[in-house]
Amino acid sequence: MAAIKCENCGKMISDKGKTCPYCNIPLALPKKKSVFPKWVVVVISLVLLAASISFVAYSRYQYKQKRINENFDFSMRMISGDLFRMAQKSDLIVVEINNAWREAIFSETNKRDFNEAIVDVKESRSEDIKELIKLSASIEKSLKETVIPEGKQLQFDKIKEFYLLEFSKNSAGHYSQYVR
Ligand SMILES: [Zn+2]
């Protein structure tokens, strides 16, 4: 029990009473002292706030990385499928070009002009050639637009190199020389 001064009448009274025994005015409840000083509460709040902000940011980052990886895998599967179809179509055309070449060079009885034979191949395989051009454009678009996740650069380079070596419009002996 401690003695305090009544704010109304100025007499010394007990701090346990609810009213002043002299003037009967209600006494203010004693203020409870906080367990922690104010600055500790502020610091803890700031630390918690920073932690929750970085948790949200990290979750978002992880989600984004996951999406980038999924899109990359999907894109690589699409390109592989397109490459496989290109290889099939190219084979059909190459077989006919080889036949035309053999006839032009080696045939004794049925000799044909190679350039004429190539025109025939272009006509008979025009749908396949259209499909090849479409597949090629699709692959080039995918290669350009694919976002490469960390650690996947090598995989991307390999598939791109394969496309450029096997199907590039500049590579020697490629179908596209006859497609023009
Ligand atoms: Zn009083």
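The axes of helix 1 (residues 38–106) and helix 4 (residues 153–167) come within 11 Å and cross at roughly 20°. That makes helix 1 roughly parallel to helix 4, a label for angles under 35 degrees, with over 145 counting as roughly antiparallel, 65 to 115 as roughly perpendicular and the rest as oblique. Axes are lines fitted to C-alpha atoms, for helices over the stretch in contact, and angles run from 0 to 180 degrees between N-to-C directions. Helices (H or I, at least four residues) and strands (E, at least two) are DSSP runs, numbered from the N terminus.

This is a predicted model: local features need pLDDT of at least 70, side-chain atom pairs count only at pLDDT 80 or more, and totals for chains, interfaces and linings use all residues. Residues are numbered from 1 along each chain as its sequence is written.

Helix 1 also packs against helix 3 (residues 126–145). These two are roughly antiparallel.

| Pair | Axis distance | Angle |
|---|---|---|
| Helix 1, helix 4 | within 11 Å | roughly 20° |
| Helix 1, helix 3 | 9 Å | about 155° |

Asn 24 sits in the loop between strand 2 (12–14) and helix 1. Its phi is near 70°, positive in a residue other than glycine. Most residues other than glycine have a negative phi. Is Asn 24 buried or exposed? Asn 24 counts as exposed, because 9 C-beta neighbours lie inside 10 Å. The cut-offs within 10 Å are 20 or more other C-beta atoms for buried, 12 or fewer for exposed, and partly exposed in between, with C-beta atoms placed from the backbone.
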